[in-house]
Amino acid sequence: MPATDPTDQTRQWSDDLAAAWERHRDRLFESQRHASEWLIEQVDPQPGQTILELAAGPGETGLLVAERLGARGRLISTDLGPAMVEAARRGVEARGLGNVECRVMDAQENDLPDDSVDGVLCRFGVMLMPEPARAIAGVRRVLRPGRPLAYTVWGPPDRNPWMTLLVGAVLQNGHQPPGNPFGPGGLFSLADPAENHALLEAAGFAEIQAEELPGAMSFADFDDFWNLQSAVAGPIALLISSLPSDGVDAIRHTLEPMLDEFENANGFELPSLAVGVSAR
Ligand SMILES: C[S@@+](CC[C@H](N)C(=O)[O-])C[C@H]1O[C@@H](n2cnc3c(N)ncnc32)[C@H](O)[C@@H]1O
């Protein structure tokens with residue numbers, strides 16, 4: 001695969017970040033637990049069913065689903081990055097779950113059989129795919145007729161300062177993060193509910209709904225914010241890790257006062273906005 005292939009690049013960052021995602025797995029899950037609960041409510045897993053999770057990362061959302069599926073049910077937990085899939089596998093072992101299959105799969109190249117699953121969910125993955133229409137067509141093919149798909153993506157940047165402030169500080173210090181955040185595969189590429197509606201309609205889905213899922217990210221202090229975000233924030237984290245220490249210090253120095261307006265008695269609380277999308 002050529003080094004410039006976007007899928008190859010995504011796999012690369014996914015694998016390089018997997019250790020940080022695994023280290024912070026509980027926190028990353030809890031910080032958007034309401035999004036996971038919304039997804040599970042839409043998919044409504046029942047004992048004995050087969051449910052597919054795409055772009056599962058360390059996999060916590062799907063593991064909650066697996067607990068509902070019982071011994072005869074099956075969760076297929078998938079991610080593009082082999083190291084992320086290994087992290088999910090360790091999560092399965094830690095919970096002693098016997099009904100989960102963890103496998104590497106690019107959601108854009110879904111190789112499951114036709115009509116083989118009862119529901120599909122994906123938390124914060126679809127917008128990162130350079131060709132989301134291929135992923136959604138694959139979902140439609142593998143879903144049994146009338147069964148649900150639910151996913152969450154990030155809403156617009158002005159509603160997600162927990163993410164954009166760090167990007168702003170990086171830019172102000174003369175570093176250009178790779179890619180276009182609004183272009184295909186970008187963090188905000190599916191922030192508009194209408195885009196998601198069009199994507200699903202084109203694939204033949206019905207009962208399409210998109211709703212805002214507001215939340216908040218809490219941090220004990222600035223170091224807490226920095227230690228988490230600079231480790232897990234995708235290409236930005238990789239960019240920061242490639243800088244010499246004075247370059248990192250300069251970004252921290254720019255960023256710290258930007259957080260002031262979000263200070264409260266417990267540290268900092270920054271709003272987040274996800275968009276929850278569901279269809280059948
Ligand atoms: C922001 S993380 C979300 C992880 C997890 N779903 C969560 O909510 O904590 C995005 C995940 O999408 C995965 N990913 C990106 N592109 C993908 C693709 N084309 N197919 C499958 N997974 C992909 C990455 O490897 C990464 O684990």
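Contact here means heavy atoms within 4.5 Å. The structure is a predicted model, in which local features need pLDDT of at least 70 and side-chain atom pairs count only at pLDDT 80 or more, while totals for chains, interfaces and linings use all residues. Residues are numbered from 1 along each chain as its sequence is written, and side-chain values use heavy atoms, with hydrogens and water left out.

In soluble globular proteins, nonpolar side chains tend to be buried together. A nonpolar core is a set of buried Ala, Val, Leu, Ile, Met, Phe, Trp, Tyr and Cys residues joined through side-chain atoms within 4.5 Å, where buried means under 20% relative accessible area, exposed over 50%, and partly exposed in between (1.4 Å probe, protein chains only). The largest such core holds 80 residues, and those touching the most other members are Leu149, Tyr151, Trp154, Leu200, Phe205 and Leu255. Once its neighbours within four places in sequence are set aside, Leu200 is in contact with Ile136, Leu149, Tyr151, Phe205, Ile208, Val277 and Ala279.

The helices come next. Helices (H or I, at least four residues) are DSSP runs, numbered from the N terminus. Two packed helices are described by the angle between their axes and the distance between the axes. Axes are lines fitted to C-alpha atoms, for helices over the stretch in contact, and angles run from 0 to 180 degrees between N-to-C directions. Angles under 35 degrees count as roughly parallel, over 145 as roughly antiparallel, 65 to 115 as roughly perpendicular and the rest as oblique.

For helix α7 (residues 161-172) and helix α11 (residues 245-258), the axes come within 9 Å and cross at roughly 135°. This makes α7 oblique to α11. On the α7 side, the contact is made by Leu165, Leu166, Gly168, Ala169, Val170 and Gln172, and on the α11 side by Ile251, Thr254, Leu255 and Met258. Leu255 is also among the core residues that touch the most other members.

A second pair is formed by helix α3 (residues 33-43) and helix α4 (residues 60-69), whose axes come within 10 Å and cross at roughly 40°. These two helices are therefore oblique to each other as well. Ser36, Leu39 and Ile40 of α3 meet Thr61, Leu64, Val65 and Arg68 of α4.

Helix α4 is also the place of Glu67, a residue that is partly exposed, with a relative accessible area of 48%. Leaving aside neighbours within four places in sequence, Glu67 is in contact with Arg95 and Leu97.
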